[in-house]
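Hello,

Here is the structure for you to look over. My notes on it follow below.

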Amino acid sequence: QQMAAFRFYCLDAAGHILHGADLDASELHAAIQLAYAACREHLASPVRIEIWQGSNRLYASRRAAGDEP
């Protein structure tokens, strides 16, 4: 299966970037799950995430990463 390149950001409540990294995933849903896991691993407090592909924001969470499944 083809992998796509995404970039994710972990954001605090004010929208400031706390962590970000590139990731490869088969599709957007997989990228979202990987980003939540990475944010939980790197940061102690719950955060929101954004997923980007190039200059296009594909996903912006409404809830904190700690609240997602």
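Strand E1 (residues 4-11) runs antiparallel to E2, and eight bridges join the two. Within this pair, Leu11 stands opposite Ile17 in E2. Please keep in mind that this is a predicted model.

The sheet as a whole is open and has four strands. Their order is E2-E1-E3-E4, and the pairing is antiparallel. Strand E2 (17-25) and E4 form the edges, each pairing on one side only. On average, neighbouring strands of this sheet are turned by 25° against each other, direction ignored.

Next, the helix. Ile32 sits in helix H1 (residues 28-42). Its relative accessible area is 10%, under the 20% cut-off, so Ile32 counts as buried. Leaving out residues up to four places away in sequence, Ile32 touches Ile49, Ile51 and Tyr59. Ile32 and Phe6 are 26 residues apart in sequence, yet their C-alpha atoms are 9.7 Å apart in space.

Last, Ser61. This residue lies in the segment after strand E4 (56-60). Is Ser61 buried or exposed? Ser61 is buried, because its relative accessible area of 4% falls under 20%. Its side chain reaches the backbone nitrogen of Ile49 at 2.8 Å. Ser61 is also in contact with Tyr36 and Arg48, as well as Ile49, if neighbours within four places in sequence are left aside.

Best wishes

Definitions and conventions: Residues are numbered from 1 along each chain as its sequence is written. This is a predicted model: local features need pLDDT of at least 70, side-chain atom pairs count only at pLDDT 80 or more; totals for chains, interfaces and linings use all residues. Side-chain values use heavy atoms; hydrogens and water are left out. Buried means under 20% relative accessible area, exposed over 50%, partly exposed in between (1.4 Å probe, protein chains only). A polar contact is a pair of N or O atoms within 3.5 Å; within protein, one must be able to donate a hydrogen and the other to accept it, and residues adjacent in sequence count only if both atoms are side-chain atoms. Contact means heavy atoms within 4.5 Å. Two strands pair if DSSP finds at least two bridges between them. Axes are lines fitted to C-alpha atoms, for helices over the stretch in contact, and angles run from 0 to 180 degrees between N-to-C directions.
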